Amino acid sequence: MKSKKSILLLIVIILLQFTVGCKKDVPGPLAKSEFLMNTYITLRIYDKKDENILDKAFDRLREIENRMSVTIEDSDVSLINQNAGIKPVKVHEDVYYVIKEAKYFAELSNGAFDPTIGPLTDLWNITGDELRERESIPTEDEIKEALELVDYRDLELLEDNQVFLKKEGMKLNLGGIVKGYAADEVKRIFLENGVESAIIDLGGNLYVMGEKEDGEAWKIGIQDPFKEERDYLGILKVKNKSVVTSGDYERYIIYNGEKYHHILDPKTGYPSENEVSGITIISDKSIVGDGLSTALFILGVEGGSKLVNQLGDIQAIFVTKMEEVIVHEDIIEDFSLRDSNYSLILNQK
């Protein structure tokens, strides 16, 4: 989950006035922000003025956090971790669903995304709240020891919503997928309450519902990975889509002058190293975009593109360290490059 000091991955370009609180006498959307899931969450509704809808959505978000957070001691996920190698734990059906989806994406990506990465994330502890400069990083022996406990194949999904980690010391961490599920749940609540035009912003996980009041698509800025300030290199036009971004510029530490970002490769135990600096996934369901964003970042342009093309109605934008923006052909007409320092490359199926 993203930290509150993180640089925003997505910049929503909305040419409409909006409020942070829920005030009916102020023009613009009905909006509310809270700090949940270790990130700032903002929900904006453009075609309704019923504050109860926002309250229902935030109640659901708190429910998801209380069940799936690794930092809440009595959450379902924490109970699974506490009983690793001991016994299965029966969890709520939504927790079981998210874990099942997480394992699916782990299998699909051959472990590039792995929900049992908890021992490694604990070891590196790159949260975004700490000082950038560090006096040490994990040793090779420590990483090797943690890697012994990272393997999605040792995550068992049993009958009656029971979950079991086969080795003592294993730890689930759903931070790479739970916000996608949460965004989908907010969308469900909005639809059930008659909302058709809204922006669901879960700190890098964005879902845009419907269209702007003038009938135009929403415009979303894609973060420039090489600029510390909130600058964007291009604009994407979307309607009724999830847009999820991961990058090596958001959370990182520096040791001996070298940068170590927070996206860890489950196979090496170290921050992923390839040509990718940022990845954006466009999909119908946010849980899909969330699960794939980490996997594609680690797989790189070639491996990630192959996976995207296998899945059908999913598009990706890769930003490379060579200042290339590689855009899936299905969305090339909806993307405009704004920074002349980058070269635009068409990613064909």
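The contact (heavy atoms within 4.5 Å) is made by Arg60, Arg67 and Met68 of helix 1 and Asp94, Val95 and Val98 of helix 3.

A note to myself: this is a predicted model, where local features need pLDDT of at least 70 and side-chain atom pairs count only at pLDDT 80 or more, while totals for chains, interfaces and linings use all residues. Residues are numbered from 1 along each chain as its sequence is written, and side-chain values use heavy atoms, leaving out hydrogens and water.

Next I looked up helix 7, residues 286-311 (helices are DSSP runs of H or I, at least four residues; strands are E, at least two; both are numbered from the N terminus). I saw a kink of about 135° centred on glycine 300 (the angle between axes fitted to the seven residues ending there and the seven starting there). Helix 7 spans only 14 Å between its end C-alpha atoms, whereas a straight helix of 26 residues would span 38 Å (1.5 Å times one less than the number of residues).

Last, I visited asparagine 347 in strand 18. At 11% relative accessibility, asparagine 347 counts as buried (under 20% relative accessible area, with exposed over 50% and partly exposed in between, using a 1.4 Å probe and protein chains only). Among the residues that asparagine 347 touches are Phe318 and His328.

Technical notes. Lists of a residue's contacts leave out its neighbours within four places in sequence.
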